[in-house]
Amino acid sequence: MTSKIESREAGPKAQGSLGFTSGQVVQEFYWDEDADDSLRAAIEDVTGEELVDVDYSDVVDGVIVWWREEDAEEDDLTDVLLDASANLDNGGVVWVLSPKPGSRNHVAPEIVADAAKIAGMNPTSAAAVSKGWAGMRLVAPARQ
C-alpha cells in the first residue's frame with residue numbers, strides 16, 4: 001500500500017456524501033442487506049439522485065462498491081473495479097467500502113490498494129465512512 005494514502009476519521013462530509021455533490025449520478029456495486037442504508041440515503045440526499053445499480057448503462061459521476069472478504073470467493077476485486085470504471089465519467093471517483101477493521105469480512109486496505117493499482121486506479125484516501133464501514137477513495141486516470 002502506498003504511503004500517500006491519507007487516513008482520517010470520517011467527518012460530516014464522508015458520512016454524508018463521500019464528496020459527491022448535487023446532480024451527480026452514483027452507481028452502486030455489491031449492495032447487500034448489511035450495507036449501511038443511512039450512508040446510502042445521505043448520498044442520495046446530497047446528490048438529489050437515487051443510487052443506480054450495476055445494470056445502469058449510462059455515464060456516472062461516481063461509484064461505491066460494498067466489498068467484503070467473502071465477496072472475493074465470487075469475484076476478483078480488480079475485475080469489479082474495471083467494471084465499476086466502465087461508465088465512470090472523467091474526474092469520477094470510486095469508493096470501495098469494507099466492514100471496519102476487526103469486523104467480520106473486513107478487507108485489508110492493502111488488498112484494495114493492490115487491486116486498484118492493477119485496475120489502473122490510484123488510491124487517494126481512506127476514511128471511516130459510517131459506524132460499521134471504512135472506505136478507500138480511488139481515482140481513475142483521465143480518458144484520452
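Glu28 sits in strand β2, which spans residues 26-29; strands here are DSSP runs of E with at least two residues, helices are runs of H or I with at least four, and both are numbered from the N terminus. The model is a predicted one, so to speak of local features a pLDDT of at least 70 is needed, side-chain atom pairs count only at pLDDT 80 or more, and totals for chains, interfaces and linings use all residues. Residues are numbered from 1 along each chain as its sequence is written, and side-chain values use heavy atoms, with hydrogens and water left out.

Back to Glu28: with a relative accessible area of 8%, Glu28 is buried. That word covers anything under 20% relative accessible area, while exposed is over 50% and partly exposed lies in between (1.4 Å probe, protein chains only). The side chain of Glu28 has a polar contact, at 2.6 Å, with the side chain of Arg40. A polar contact is a pair of N or O atoms within 3.5 Å; within protein, one must be able to donate a hydrogen and the other to accept it, and residues adjacent in sequence count only if both atoms are side-chain atoms. Setting aside neighbours within four places in sequence, Glu28 touches Arg40, Leu51, Val52, Asp53, Val54, Ile64 and Trp66, where contact means heavy atoms within 4.5 Å.

Now for the whole chain. It holds 4 helices and 6 strands, and reading along the sequence gives β-α-β-α-β-α-β-α-β-β. Of its 144 residues, 45% count as buried. Among contacts with a separation of 6 or more, 77% come from residues 24 or more positions apart.

Next come two helices. Helix α3 (residues 77-85) packs against helix α4 (residues 109-118) at an angle of about 55°, and their axes are 8 Å apart. Axes are lines fitted to C-alpha atoms, for helices over the stretch in contact, and angles run from 0 to 180 degrees between N-to-C directions. α3 and α4 are therefore oblique to each other: under 35 degrees would be roughly parallel, over 145 roughly antiparallel, 65 to 115 roughly perpendicular, and the rest is oblique. On the α3 side, Leu77, Thr78 and Leu81 make the contact, and on the α4 side Ile111, Val112, Ala115, Ala116 and Ile118 do.

Finally, Pro141 lies in the segment after β6 (133-139). Pro141 counts as exposed, at 52% relative accessibility. Its C-alpha atom is 9.9 Å from that of Val93, 48 residues apart along the chain.
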